[in-house]
Amino acid sequence: MSSSGKMEGPSAPAVRRDPYEVLSVPRDSSDQEIKSAYRKLALKYHPDKNASNPEASELFKEVAYSYSILSDPEKRRQYDTAGFEALENEGMDMEIDLSNLGTVNTMFAALFSKLGVPIKTTISPTVLEGAMNGTVTVRPLPVETSATGKVDKQCAHFFGVTISEEQAHSGIVVRVTSHAQSKFKLLYFEQEVNGGYGLALQEDSQKTGKVTSAGMYFLHFQVYRMDSTVNALAMAKDPEAAFFKRLEGLQPCEVSALKAGTHIFAVYGDNFFKPASYIIEAMCAKSYEDTTERLKEIESKILAKRNDLRQFETEYRKALARFQEVTNRYTQEREAVDDMLRERDNIHCSFTTERTLVNPVGAGSSSSRYTVEQSIPESPENGSVDGRDKSGKKKWFNLNLNRSDKKA
């Protein structure tokens, strides 16, 4: 397995190392162990705490990149199987930290995003550090209520949702919408032993109709998120076959249920320049039992269909290759038939064109045009064998007129 090599990306380190080595965790580490190791190293190498140490910034990037691999079950599986090459073949995309881009690079990122280029952004380290230290302001958000707000770019508003045993058993849904079509992230934080909050889940807003929205569903069964970036990258790589990747963006959420108590959520402003307007609401799923069952059913169907498409893609590519082969032969056969018919027509035309024959007699010209002349035979009364008047006299009704007769 390759453990080093060059890599690209605005938030990527110059040289790649084994992510397990970077985070100092064994290969069989649990998700929680990986998360804890990342948090400690992220705080240790945070650029704000190491202004006089330029190497800390690169180490911070390396830690963030390693965590982006090991915290994602699919990426971790790919890396464990075939190393960095597997991630490169899957078109792994890097997340960028807008707070470190600067005005010019932010303008370019905003332009590319507006043109439809998928750009994933990471959460500002300042926000994560404030949550870890427990210094953030948390506003209460009772179940079955909503709150509106406007959060600055690369900042977050925190909310505490307190749920009862009955509500926890029924399930909880937290949803954020923006009628201004702002870009934002919905975040979920777990309570740490030291009193702080550690990031556990995040959902990027998606455009649906005339609004952008993001939701988290804790319904006691596996719920999935749809990562549209996977679809966009597949479309860019192979537009013809991108259909088969449409369901690959369906990824399992790490948390499927909440216990009774207070849980911390946050709305993170992800616009490039302006604040994000939003409405956040917390709902008990008890009032949506039919909707919950429909969600469970349709996601089960989507997963089954995804497996079917993976098999069908192999059949499709084989059939497509065969179709291309047959199409090429069709073109060749058509050209061959056209050439033969064209040659046949040319041969037929040669029979109706004027031909030149060789003259077998005569010392003059060696050839002459083949022509047909109609000769009129002379009557025996003409008095000459060959039909010519040998006397040289003019004939008029078979009467010979002498010159002397004319004078008389």
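Student: Is Cys253 buried or exposed, and what is its relative accessible area?
Tutor: Let's start with the cut-off: a residue counts as buried under 20%. Cys253 falls under it, so Cys253 is buried in this predicted model. Its relative accessible area is 13%.

Student: How many disulfides does the model have?
Tutor: A disulfide needs a pair of cysteine sulfur atoms within 2.5 Å. Cys155, for its part, is partly exposed at 34% relative accessible area. With that distance rule, the number of disulfides is 0.

Student: How many contacts beyond four places in sequence does the model have for residues 379–385?
Tutor: Where pLDDT is low, predicted coordinates should not be read in detail. Residues 1–12 stay under 50 and have 34 such contacts in the model. Residues 379–385 also stay under 50, and their number of contacts beyond four places in sequence is 4.

Student: Which residues of helix H4 are buried?
Tutor: H4 covers residues 73–82, and Gly83, with a positive phi near 75°, follows it. The buried residues of H4 are Lys75, Arg76, Gln78 and Tyr79.

Student: Why do those buried residues sit on the same side of H4?
Tutor: Think of looking down the helix axis. Lys75, Arg76, Gln78 and Tyr79 are the buried residues of H4. They lie on the same side because the arc they cover around the axis is only 160°.

Student: How many of the 8 residues of strand E7 are buried?
Tutor: E7 spans residues 184–191. The rest of the structure largely encloses E7, because the number of its residues that are buried is 6.

Student: Which residue in the turn between E7 and E8 has a positive phi of about 95°?
Tutor: E7 and E8 form a hairpin, with 5 residues between them. The residue with that phi is Gly195.

Student: Which residue makes a polar contact of 2.6 Å with the side chain of Lys185?
Tutor: Lys185 lies in E7 and is buried, with a relative accessible area of 0%. It stands opposite Tyr268 in E13, and the residues it touches include Thr121, Ile123 and Ala266. The side chain at the other end of the 2.6 Å polar contact belongs to Asp204.

Student: In which loop is Gln154 found?
Tutor: Most residues other than glycine have a negative phi. Gln154 has a positive one, near 60°, and is buried at 12% relative accessible area. Its loop runs between strand E4 (145–151) and strand E5 (156–163).

Student: And what is the relative accessible area of Gln181?
Tutor: Gln181 is not a glycine, yet its phi is positive, about 60°. It is found in the loop between strand E6 (172–178) and E7. Gln181 is partly exposed, and its relative accessible area is 35%.

Definitions and conventions:
Residues are numbered from 1 along each chain as its sequence is written. This is a predicted model: local features need pLDDT of at least 70, side-chain atom pairs count only at pLDDT 80 or more; totals for chains, interfaces and linings use all residues. Side-chain values use heavy atoms; hydrogens and water are left out. Buried means under 20% relative accessible area, exposed over 50%, partly exposed in between (1.4 Å probe, protein chains only). Helices (H or I, at least four residues) and strands (E, at least two) are DSSP runs, numbered from the N terminus. The arc is that of the directions from the helix axis to the C-beta atoms. pLDDT is the predictor's confidence in each residue, from 0 to 100. Contact means heavy atoms within 4.5 Å. Two strands pair if DSSP finds at least two bridges between them. A polar contact is a pair of N or O atoms within 3.5 Å; within protein, one must be able to donate a hydrogen and the other to accept it, and residues adjacent in sequence count only if both atoms are side-chain atoms.
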